[in-house]
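Me: I would like to learn how to read a structure feature by feature. Could we take one and go through it together?

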Amino acid sequence: SDAKDVFVGARAPDGSIALGAVGAASAVLKPTPLNAPVEHNGVWWYLTDGHSVGFSKCSKINQAQADDCTEDAEFRLSW
């Protein structure tokens with residue numbers, strides 16, 4: 001793909017963007033070790049095969065099927 005940037009987000013029931021983050025595709029789509037997110041564009045990103053992918057406001061994550069850390073939960077998106 002020629003995409004240079006990636007937007008990752010979630011919509012609210014009314015269709016508005018509830019939470020989102022943008023970063024360079026080369027950083028956002030780069031695999032990371034388990035529970036070791038990488039800071040890029042003011043957000044901590046992770047993509048770990050067999051576990052989860054997403055972003056967080058802070059570097060503390062707990063990857064399982066998704067990040068289940070509760071610190072700043074409203075500023076996390078994981079699946």
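**Reading the features**

Reply: Thr-48 counts as buried, because its relative accessibility is 10%. Thr-48 is part of strand E4. Keep in mind that the model is predicted.

Me: What does Thr-48 contact, leaving aside its neighbours within four places in sequence?

Reply: Its contacts are Thr-32, Pro-33, Leu-34 and Gln-63.

Me: Let us step back. How many helices and strands does the protein chain have?

Reply: The chain has one helix and six strands. Read from the N terminus, the order is β-β-α-β-β-β-β. The radius of gyration is 12 Å, close to the 12 Å that the globule rule gives for 79 residues, so the chain is as compact as a globular protein of that length. Along the principal axes, the C-alpha atoms fill a box of roughly 35 × 35 × 25 Å.

Me: What share of the residues is buried?

Reply: Of the 79 residues, 30% are buried. For contacts, look at sequence separation. Among contacts with a separation of 6 or more, 22% are between residues 24 or more positions apart.

Me: How do I read a strand pairing? Which way do E1 and E2 run, parallel or antiparallel?

Reply: Strand E1 (residues 5–11) and strand E2 (residues 17–24) run antiparallel, joined by seven bridges.

Me: What should I expect of phi in other residues?

Reply: Most residues other than glycine have a negative phi. Now the cases here. Asn-41 has a positive phi, near 60 degrees. Its place is the loop between strand E3 (38–40) and E4. Asn-41 counts as exposed because its relative accessibility is 54%. Asp-72 also has a positive phi, near 50 degrees. Asp-72 lies in the loop between E5 and strand E6 (76–78). With a relative accessible area of 26%, Asp-72 is partly exposed.

Me: Next, aromatic rings. What describes a pair of them?

Reply: Two values do: the distance of the centres and the angle of the planes. In this structure the count is one aromatic pair. Trp-45 and Phe-55 form it, with centres 5.4 Å apart and 55 degrees between the planes. The pair is tilted.

Me: Why is 55 degrees called tilted?

Reply: Planes under 30 degrees apart count as stacked and over 60 as edge-to-face, so the pair at 55 degrees is tilted.

Me: Which charged residue sits over the ring of Phe-75?

Reply: That is Lys-57. Its charged end lies 4.5 Å from the ring centre.

Me: Last, the cysteines. How many disulfides are there?

Reply: The count is zero. For Cys-58, the nearest cysteine sulfur is that of Cys-69, 5.8 Å away. A disulfide needs the sulfur atoms within 2.5 Å, so Cys-58 is in no disulfide. Cys-69 is in no disulfide either.

Me: Are these cysteines buried or exposed?

Reply: Cys-58 is buried because its relative accessibility is 13%. Cys-69 is buried too, with a relative accessible area of 12%.

How values were computed
Residues are numbered from 1 along each chain as its sequence is written. This is a predicted model: local features need pLDDT of at least 70, side-chain atom pairs count only at pLDDT 80 or more; totals for chains, interfaces and linings use all residues. Side-chain values use heavy atoms; hydrogens and water are left out. Rings of Phe, Tyr and Trp (its six-membered ring) pair if their centres lie within 6.5 Å; planes under 30 degrees apart count as stacked, over 60 as edge-to-face and the rest as tilted. A charge sits over a ring if NZ of Lys or CZ of Arg is within 6 Å of the ring centre and within 35 degrees of the ring normal. Helices (H or I, at least four residues) and strands (E, at least two) are DSSP runs, numbered from the N terminus. Buried means under 20% relative accessible area, exposed over 50%, partly exposed in between (1.4 Å probe, protein chains only). Contact means heavy atoms within 4.5 Å. Two strands pair if DSSP finds at least two bridges between them. The radius of gyration is taken over C-alpha atoms; the globule rule is 2.2 Å times the number of residues to the power 0.38.
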